Amino acid sequence: MGEGRWARAGRSAWRIGAVWAISTVTMLVLAGLLPDFRLQSAAGDSATRIGVTAAIGAGVFGLLTALVWPLIVRALLLVPALVLGLLVFFLNGSLLLVALSLIPDGRGEADPETAVVVAAVMSAVASAASTALAVRDDTAYRRRLYRLADRRRRRAVAVAGPRTPGTVFLQLDGVGHDVLRDAVDEGLMPTVASWLGHGPDGHATPPTHRLTPWRTDWSSQTGASQLGILHGSNHDVPAFRWYEKDTGEVVVCNRPSSAAELQRRAVARAGDAGLLTVDGASRGNLFSGGADQLALVLSVSARRGRANRSRAGYFAYFSDPANAVRTAMSFVAEVVRELGQSTRARLRRTRPRVGRGGLYPFVRAFATVVERDVVVAAVIGDMLAGRSAIYADLVAYDEVAHHSGPRSADAEQVLARLDRSIALLAKVAEHAPRPYRIVLLSDHGQSPGETFRSRYGLTLGDLVRAGCGLPVPRRARRTHSGAEARAAVRAALRRPVEEGAEERRPAKGREPVVLASGNLGLVSFPDVRGRMSREQIDRRHPALLPTLANHPGIGFLLVRSEEHGPLVLGARGAEIRLDELPDDPEPGELPEPLREFGPEAVAAVRRTDGFPHVADIMVNSSYEPYAEGASGDGEVLAFEEQIGSHGGLGGAQGRPFLLSPYTLSPPAADGAEPVGAEQVHRVLRRWLREAADGPQIPLSVERPPHGGAENPRPGEPAEEQFAADDRAVEDKTH
């Protein structure tokens, strides 16, 4: 062990010396290039003397930067990022002027403007050199994260770490059950493979974790799933984005104001503040889960002042210059990687394919590098601080799979990098002050397929407008679908079938609002209060519902009838009265158009129909399952520009996973699959209660008049349902 310490000390000393030498050379070069920057006396000095002066200046500047920089970051925690970026240049220049003033005999001198330039160049070169020497050294990176977390831990009161286990919930956003299983089989995720009993070289080892699929709600997207998982209720979240007639606003799950409102509604309905209210931490999530420790949490990101602790995650991580430069270099590398991969896809004419230009390379790099690094560092700090419950979201795979495809080589590379992050956290758990159980889970999967627009030449919005007899873009009018829709309108309105006939533009506010969430579309008529019935829609736009239901790219519609209640409409006049079907019909008894979507679709669609803000018309794209025995779960048609999508029913998007240690009870009795994010919330609550230090008791809030959380079994309180679910599992496992 002594030799190991001396070896590490030697490597660290070598790196410091190398960076010092590079900084000295940089200062000499700048002194030769900039007329207002000198490192010698007015009478001139020898080359040796100038070199010594540069070495002293570089050393003092580096020392001041190392000592003062963390203090600057803390002092400027509430300063906006752009202002902080500008201040950094001036503060660095000031530090350089101080360093030059400490050189003996006044041999260092620079104008203030020149000092800013010199300081910026030297900081960039020194940090880049330091990081480049160890950028691929995961051990060095881990030690830097240890030091970062240890500084926070030393500021806390020193107490003995609890011996009861803590729990880390790590969400791999968008990774479906089958994608994870196949990645393990193909050797892309060796850490996860080892947990499942797949040892190196194919040798079996005792598994430590069980892999369980679960079923999402109809809205198979992060907003609905994570709200249900963290807060116990995703009631009235019909999609990723939807129009609310009572406010005239479009709610978008990844908009800070919308996320804050959705969290408020969930807390009021569920009757508690969330999964993480007791000594919890929420990292990189849309919602807080009731945690006090927050970093990159969207629902609180719009707050101003000290109440917004979420932004502190960035500052805590980037206060270490080595972390900042490592992430910056990886960011640039990811941008270059995306440019190369998208160019290769274009040259190979890969199909399906969507545009990946504009800002997307930078968005991808943020998701796959910056967000990952900051969240992983925050989780490491939480583990070393001994927090009881940690929930973190890594969004890298989901972002890449949207544009490259869920089973593309690009997405597989991301899975491999995520596995390295998992391995890092598992290693950190060995040094934590308490034992930790690491649970991996996902919020949804992704279903592949080309876009609705690329296949048919028009968007869902174009098709709806055509079905309403409204003007559509010329490109849409020229498509077969657009022509059929226009002909149907003329026939329904008994107008002459003439191309080029002038269409009437409706009064302002009467045009439909058409929104897309993956392969789920929502059509609302804002001028009609409340939800329009099928009969009202037929009277106003007699061709609209037949146009949508008979389109080959649309699987089914959900509308509500004044006479028959919720109706599912399909092609060739197919109609299902949901009130006449059981929640779990036998597969052979399920009629078209829901047959391809499986028996779970009935309960999912019926539940959404009861939401106050469900759209007038809910549109699910068609689903094309593969032939029996073929690999994969089939394809959908996204109404957005995505070739890997989620948000509706059909295929792998609705089948995420839970990967939990065997020390925890099974997610459900008899090997059943949990259904819905709210049930997953109850599973995670049970796992937290299984810790020896007692139940995870949420902060109580006043219950709403309707009685709190939505009950799958009407008439039974939610708490009794949770207890009954737990007893059912315990009866099967003990």
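In strand β21, Phe657 is the bridge partner of Pro213. The model is a predicted one, in which local features need pLDDT of at least 70 and side-chain atom pairs count only at pLDDT 80 or more, while totals for chains, interfaces and linings use all residues. Residues are numbered from 1 along each chain as its sequence is written, and side-chain values use heavy atoms, with hydrogens and water left out.

Helices (H or I, at least four residues) and strands (E, at least two) are DSSP runs numbered from the N terminus; two strands pair if DSSP finds at least two bridges between them. Strand β4 (residues 209-213) runs antiparallel to β21 and is joined to it by five bridges. Strand β10 (residues 436-441) is also antiparallel to β21, with two bridges; here Leu441 has Leu658 as its bridge partner.

Buried means under 20% relative accessible area, exposed over 50%, and partly exposed in between (1.4 Å probe, protein chains only). Five of the five residues of β21 (residues 657-661) are buried, so the strand is largely enclosed by the rest of the structure. Phe657, Leu659 and Pro661 point one way, Leu658 and Ser660 the other way.

Strand β7 (residues 280-283) is likewise covered on both faces, with Gly280 and Ser282 buried on one side and Ala281 and Arg283 on the other.

| Partner of β7 | Bridges | Direction | Bridge partners |
|---|---|---|---|
| β9 | four | parallel | Ser282 and Tyr391 |

**Nonpolar cores and aromatic pairs**

A nonpolar core is a set of buried Ala, Val, Leu, Ile, Met, Phe, Trp, Tyr and Cys residues joined through side-chain atoms within 4.5 Å. The largest has 60 residues, and Phe169, Trp218, Leu594 and Leu684 have the most contacts inside it. Helix α22 (residues 677-689) gives the most to this core, namely six residues. A second, separate core of 46 residues includes Leu394, Val414, Leu415 and Ala432.

Contact means heavy atoms within 4.5 Å. Leaving aside residues up to four places away in sequence, Phe169 touches several residues, among them Leu275, Ile390, Tyr391, Leu684 and Trp687.

Rings of Phe, Tyr and Trp (its six-membered ring) pair if their centres lie within 6.5 Å; planes under 30 degrees apart count as stacked, over 60 as edge-to-face and the rest as tilted. The count by this rule is seven aromatic pairs. Phe169 and Tyr391 form a tilted pair, 6.1 Å centre to centre with 40° between the planes. This pair links distant parts of the chain, with Phe169 in strand β3 (residues 166-172) and Tyr391 in strand β9 (residues 389-394), 222 residues apart. The rings of Phe452 and Tyr456 have centres 5.2 Å apart and planes at 55°, so this pair is tilted. Both residues lie in helix α15 (residues 452-456), four residues apart, about one turn of the helix. Phe452 and Tyr456 are buried, as are Phe169 and Tyr391. One aromatic cluster is formed by Trp218, Phe556, Phe597 and Tyr623.

**Helix α9**

Helix α9 (residues 256-270) has 15 residues and reaches 21 Å from its first C-alpha to its last, close to the 21 Å expected at 1.5 Å a residue; the expected span is 1.5 Å times one less than the number of residues. Its buried residues are Ser258, Ala259, Leu262, Gln263, Ala266, Val267, Arg269 and Ala270. They cover an arc of only 165° around the axis, which puts them on the same side of α9; the arc is that of the directions from the helix axis to the C-beta atoms. Elements covering these residues include α8 (222-231), β5 (241-244) and β6 (249-252). Just after α9, Gly271 takes a positive phi of about 85°.
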